[in-house]
Amino acid sequence: MTGATMISYARQGATVVLVTCTRGEAGQIVAPDLAGLRDADPDGLGRHRETELTEALDVLGTARHYWLGGRRRWRDSGIPAQEDPNAFAAADPDEAVRAMVEILRAERPQVVITYDATGGYGHPDHIQANRVTMAALDPAADPDYAPELGAPWRVVKVYWMTLSRSTIQAVANSGLLSSSDDIPIPYSSPDEEITAVVDGREYLSAKAAAMRAYRSQVDVRNGLFAALITWPEFAVEYYVLVRGDRGPGSGPYNWEHDLFAGVGVAG
């Protein structure tokens, strides 16, 4: 949902940092030839998805990547969340927030993007990512909180990623979706509630290439995603500002067209 945004700002010279919370060990495997990744080695899928992530980040030009709490600290919780003390959904809040504060202070971002409070489509780890990110913002700026983690840092703007409800309807009306495809209306926002839009249509091919890297997770040869990666509007990405001041915008809903609007030069 943010691939075109990431590559757009990377190409403008901004520092783009990704924080990943799990390796997706409990996820569904969609590629038939990879179906046995977990059979002989319970960690096989996790290791494979590390390579997928590396390939995708190379395509997107992302400058730096962190595993929250360190590589392999938390595991994919699955849907529904598994009863695993190492699952990210069961992470100790204080430990997870501390790990996020350390990253925020190290990277000192002006803008942060995360999932919305429902995790996009309800994935327990996406919901936890939202909780941890939002809970880390004030401690990161508090000089009395864990000074050993570095100098305090205040994030200027925070966005939650979303989908445009009118765009989803346009996809449905275009005939790109088959009758068996689910239309994710519940995981979208009405246009009047959207704050910002990043038009990344010139980076559609790069976004599609990054998605192809996730071969164990996304089928880009058949079904919904195979159709979407041919549609330029798939690289137009939408956000809701939840923290910070809204910058100048335009259009019927006064959408920002730059996530750094009102902040200064991206960097």
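A: A residue counts as buried under 20% relative accessible area, as exposed over 50%, and as partly exposed in between. The model examined here is a predicted one. By this scale arginine 201 is partly exposed, since its relative accessible area is 40%. Its partner is glutamate 233, and the two side chains meet in a salt bridge with an N to O distance of 4.0 Å. This pair joins distant parts of the chain: arginine 201 belongs to the loop between strand E5 (196–199) and helix H7 (204–213), while glutamate 233 lies in the loop between helix H8 (223–228) and strand E6 (236–243), 32 residues apart. Glutamate 233 is likewise partly exposed, because its relative accessible area of 29% falls between the limits of 20% and 50%.

The salt bridge count for the model comes to 17. In general, side chains of opposite charge can pair when their charged atoms come close.

Glutamate 50 and arginine 23 form a salt bridge through their side chains, at 2.8 Å from N to O.

Aspartate 43 and arginine 72 form another salt bridge, in which the closest N and O atoms are 3.4 Å apart. Aspartate 43 is in the loop between E1 and H2, and arginine 72 is in the loop between strand E2 (64–67) and helix H3 (93–107); the pair, 29 residues apart, thus links distant parts of the chain. The two partners fall in separate classes: aspartate 43 is buried, with a relative accessible area of 13%, whereas arginine 72 is partly exposed, at 39%.

These residues belong to a network of salt bridges that links Arg23, Glu25, Asp41, Asp43, Arg47, Glu50, Arg71 and Arg72.

One cavity of 30 Å³ or more is counted, and the largest cavity has a volume of about 30 Å³. Its lining includes Arg23, Arg71 and Arg72, together with Cys21, Thr22, Trp67, Leu68, Gly70, Arg73 and Trp74.

Note on methods: Residues are numbered from 1 along each chain as its sequence is written. This is a predicted model: local features need pLDDT of at least 70, side-chain atom pairs count only at pLDDT 80 or more; totals for chains, interfaces and linings use all residues. Side-chain values use heavy atoms; hydrogens and water are left out. On a 1 Å grid over the protein atoms alone, a cavity is a set of points where a 1.4 Å probe fits but cannot get out, and a pocket is an open set with protein on both sides within 12 Å along at least five of seven lines; lining residues have an atom within 4 Å of a point. Grid points are joined across faces, edges and corners, and a volume is the space filled by probe spheres set on the points. Helices (H or I, at least four residues) and strands (E, at least two) are DSSP runs, numbered from the N terminus. Buried means under 20% relative accessible area, exposed over 50%, partly exposed in between (1.4 Å probe, protein chains only).
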